[in-house]
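Colleague: I would like to understand the words you use for this structure. Could you take me through them?

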Amino acid sequence: MDMNTIEAVVPTTDPAQWRDGDAWLAGGTVLFSYGSYAFGPQPLKRLLDLGAAGWEPVAVTDDGIELAATCTIAGLYSLPGSPDVAGRAWPGLDLVRPCCDSFVASFKVWNMSTVGGNLCTSLPAGPVISLCAGLDGVATILGPGGTSRTVPVADFVTGDATNCLAPGELLRSVYLPASALASRAAFRRLSLSNLGRSGVLLIGRLDGGTSLVLTVTAATKRPVQLRFDGIPDADELAASLDESIPGDLYHDDIHGLPAWRRDMTFRLAEEIRSELAAPQGAPGLTVSGDFWPPQARHNALSKGA
Ligand SMILES: Cc1cc2nc3c(=O)[nH]c(=O)nc-3n(C[C@H](O)[C@H](O)[C@H](O)COP(=O)(O)OP(=O)(O)OC[C@H]3O[C@@H](n4cnc5c(N)ncnc54)[C@H](O)[C@@H]3O)c2cc1C
């Protein structure tokens, strides 16, 4: 879409330069598809272009992984899986590719859109939101007055297309701590249609090998995280879900009715609980989901889907 209200494109990463009528420009896949009038009462006048930020897309240390806001989905996908990020045993990395594969993305979106753009768009089905919330990611946010603050990704998104950013604030990066990356993890996703947008996406982790952390996304308007001291039984888990997610927090759009999202949340949560309660690699689990195998993705992408 032409953004014919734009008067200037300013290459900068300095929030002090932000003024009314500005938007940060990352991959542009939302800005150029929604248009100038979709981001507030007034049309956009300037784009503050992060394209020349030069931030290292992925920085790995023993303490964890820092993803720059400008890291693309393709860049995220190319992170090697467990157990080999420079020899570290981080099974949580097994979540990266299923989350990226949950993106209903064309070749352009896959290669241009960014970690930060996905978080800041704050759609319930944002797969980077699922990944980063599920791995206890912490967002670093820069403010116009030279300030910096951190927010857990699970709290960054506050509702359907809303988040905690104040006008002019810039999402700089997301930090994934080694403690979460070192946990055994389980992933479940459902969509109403083949290659459709996520209707329900749940991630479970076994912290310290003993404590279940369950993150519900896509089904709900914002991420919901449940933490248990150990592994609850099925009834405890269902009761916690019931208590933590009121009916009106389930998302309602063409990709799934709230009642379906709720039923599937309970079902997938129980699958995750059973999987993580069993010894690793135990046979006999029934797995829901329509996980899009990478080869199918690449076939589709090579056709420009
Ligand atoms: C065909 C298609 C399929 C899509 N499928 C999905 C999908 O399955 N799931 C999904 O979640 N989205 C989907 N999207 C929406 C979108 O592409 C993604 O959310 C993408 O990750 C946005 O990233 P971007 O870098 O292109 O953002 P941009 O378009 O550059 O920016 C999006 C918004 O975020 C703000 N922003 C960007 N970066 C920052 C930052 N660092 N700090 C502060 N604000 C910032 C911008 O100002 C703007 O308001 C799809 C879009 C298309 C066109």
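Colleague: What percentage of the 305 residues in the chain do buried residues make up?

Modeller: Buried residues make up 41% of the chain's 305 residues. A residue is called buried if 20 or more other C-beta atoms, placed from the backbone, lie within 10 Å of its own, exposed if 12 or fewer do, and partly exposed in between. Please keep in mind that this is a predicted model: local features need pLDDT of at least 70, side-chain atom pairs count only at pLDDT 80 or more, and totals for chains, interfaces and linings use all residues. Residues are numbered from 1 along each chain as its sequence is written.

Colleague: What is Pro15 in contact with, leaving aside neighbours within four places in sequence?

Modeller: Contact is called when two C-beta atoms, placed from the backbone, lie within 7 Å. By that rule Pro15 is in contact with Leu142, Gly143, Pro144, Gly168, Glu169 and Leu170.

Colleague: What makes Ala161 buried, partly exposed or exposed?

Modeller: Ala161 has 15 other C-beta atoms within 10 Å, so it is partly exposed. Ala161 also has a positive phi of about 65° although it is not a glycine, and its place is in the loop between β8 (157-159) and β9 (162-163).

Colleague: How do you know that the span of helix α10 agrees with its number of residues?

Modeller: The expected span is 1.5 Å times one less than the number of residues. For the 20 residues of α10 (residues 258-277) that gives 28 Å, and the end C-alpha atoms are 28 Å apart, so the two agree. The buried residues of α10 pack against β11 (184-190), β12 (200-207), β13 (211-217) and α9 (234-244). Among those buried residues are Thr265, Leu268, Ala269 and Ile272, and Leu202 touches these four too.

Colleague: Which residues have the most contacts inside the largest nonpolar core?

Modeller: They are Leu95, Leu119, Cys132, Val153 and Leu202, in a core of 74 residues. A nonpolar core is a set of buried Ala, Val, Leu, Ile, Met, Phe, Trp, Tyr and Cys residues joined through C-beta atoms within 7 Å.

Colleague: What makes helix α6 mostly covered?

Modeller: In α6 (residues 127-134), eight of its eight residues are buried. Cys132 is one of them. Just after α6, Asp136 takes a positive phi of about 55°.

Colleague: Finally, which residues are closest to the ligand?

Modeller: Ala26, Gly27, Gly116, Gly117 and Asn118 are the closest of the 33 residues that surround the ligand; to be near, a residue needs its C-beta atom, placed from the backbone, within 6 Å. Helix α5 supplies the largest share of this shell, five residues.

How values were computed. Helix = DSSP H or I, 4+ residues; strand = E, 2+ residues; numbered from the N terminus.
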